[in-house]
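Visitor: Hi, can we look at this one together? I'd like to go through some charged pairs and a helix contact.

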Amino acid sequence: GAALLYGDGMITPAITVLGAVEGLSVATQFFDPFILPIAVTILVGLFSLQRLGTARVGAMFGPVMVVWFLTIAILGIKGITRAPQVLAAFNPWHGVHLLLTNGFHGFAILGVVFLVVTGGEALYADMGHFGIRPIRYAWFTMVLPGLFLNYLGQGALMLVEPKAAANPFFFLAPKWALYPLVALSTCAACIASQALISGAFSLSMQAIQLGYLPRMAIRHTSSHERGQVYLPHVNWTLMAACIGLVLGFGSSSNLAAAYGLAVTLTEVTTTVLFFFAARRLWGWSTGQALLLCGLLLTIEGAFLGSNLLKIAHGGWFPLVLGTLIFSVMATWKTGRRLVWERMQQATLPRDLFFADLEANPPQRVSGTAVFMAGNPNGTPVALLHNLKHNKILHQRNILLTIVTDEVPHVSGADRVRVEPLPAGFQRVVGHYGFMEEPDVLQLLQTADLAGGPLEIAKTTFFLSRETVLDTGRARLSRWRKWLFALLSRNAQTATSFFGLPANRVVELGMQVEI
């Protein structure tokens, strides 16, 4: 599901911006050579603004979208007045009759019909940001009526002027309003794209926290709203992909096949996940969950089957892209598990460590040492290496473990747990949700530590840094080992990711064979 949504996030900006700019060709053929350069320029501007944050970029979204839906509703009403008989389209029998009398061709048409409901997957995702009530109000009072009226208006226009089928949306507008409508539709396209771009940022942060992607730079763009993040690597990768799609496919109609398949696969995955959420989280019976999800999958399956006919015409792109992203995520998750298993073999049990420490006490130096540990019960490798090579210990030693729980957010009461240990040691375990970014310094300064609050100027942070070696074993295929090693080398350092002061960090390297 995540891999497919990344593909959706790449295709949506490309097709929406390109489709909006193509309205210029309705006005005059003069702009035809400039359609692609204009679309690319708009995409570069859209992705360049992402660093400002969703709050700033989205400040104008509400008013623009109100104007947009009012405009398309008015255009639709204008079209309906030219052929009121189009209102007969509300009768579902016409759709049933088309499917029954046209056989395979009717089935193939579903792939095009589906494009009118694309965006539903983003709407569902936005419930996590805004809640159900605002989405319902916006949908039933403005969005759905505006879309209904405009689609009916386009249908009425084509009943009167069949040639308008080339671009019925822009042909609805009078000539004097064409250029303003292109500008407004371009703004609306950028706003529609923003939902998927912001979603890709949130998705990436959650994947990093849950161990499905390597660490990357994450910048919080709002001090007031939780979850507004910007990931430079994801942003520029999306931009490059969008520009490549625009230049490679050349028109929004060519991109439609890739877009439809990406969205249908995303929606099918969402429905399957909804089944498990209904059973495990909300206590639905199997029959209840199957009844609803079976109905949804019947409809989505028909659309999916129709879109699969377009694989050769661009539908291959989301399949290839989804496979690549899934391979990266699965390889990283598996590789980290293998590294964890290897490091566990080199870890000394805690009881044996303290017994040895009591029998052979090392030299103590003033200050505090914080040892980052992935295992909340074992002895950090960095601690063992420090004792082995430097043969000293600080007066106060903290074993710090950051745990990402499988919940979006962790309450303040459950954030940190401090456990006293022998020989002046104490273990601190910090809990964060997968939508939160760990703040190690704040965690340590607010924790109830023995010996008083942490003084950063007198604290040294010890981290282990693994270098992955390919030993030729069959745990992973050779190309996946190469991919994992590449991802490991380019992952953000723990120092940067956890926001540790670089001049207070000591990294101890070790080689890990997988």
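**Salt bridges and a helix pair**

Guide: Glu341 is partly exposed, at a relative accessible area of 28% (buried is under 20%, exposed over 50%, partly exposed in between; 1.4 Å probe, protein chains only). This is a predicted model: local features need pLDDT of at least 70, side-chain atom pairs count only at pLDDT 80 or more, and totals for chains, interfaces and linings use all residues. Residues are numbered from 1 along each chain as its sequence is written, and side-chain values use heavy atoms, leaving out hydrogens and water.

Visitor: What does Glu341 form a salt bridge with?

Guide: Arg337, with the closest N and O atoms 3.1 Å apart. A salt bridge is a side-chain nitrogen of Lys or Arg within 4 Å of a carboxyl oxygen of Asp or Glu. Both residues lie in helix α14, four residues apart. Arg337 is partly exposed too, at 43%.

Visitor: How many salt bridges by this rule?

Guide: Five. Another one joins Glu436 and Arg415, at 3.0 Å, N to O. Glu436 lies in the loop between β6 and α17, and Arg415 in the loop between β4 and β5, so the pair ties together parts 21 residues apart in sequence.

Visitor: Is Glu436 buried or exposed?

Guide: Buried, at 7% relative accessibility. Arg415 is buried as well, at 18%.

Visitor: New topic. At what angle do α5 and α10 pack?

Guide: About 125°, with their axes 10 Å apart. That makes α5 oblique to α10 (under 35 degrees is roughly parallel, over 145 roughly antiparallel, 65 to 115 roughly perpendicular, the rest oblique).

Visitor: Which residues make the contact?

Guide: Among them are Phe61 and Trp68 of α5, and Leu181 and Ile191 of α10. Contact means heavy atoms within 4.5 Å.

Technical notes
Axes fitted to C-alpha atoms, helices over the stretch in contact; angles between N-to-C directions. Helix = DSSP H or I, 4+ residues; strand = E, 2+ residues; numbered from the N terminus.
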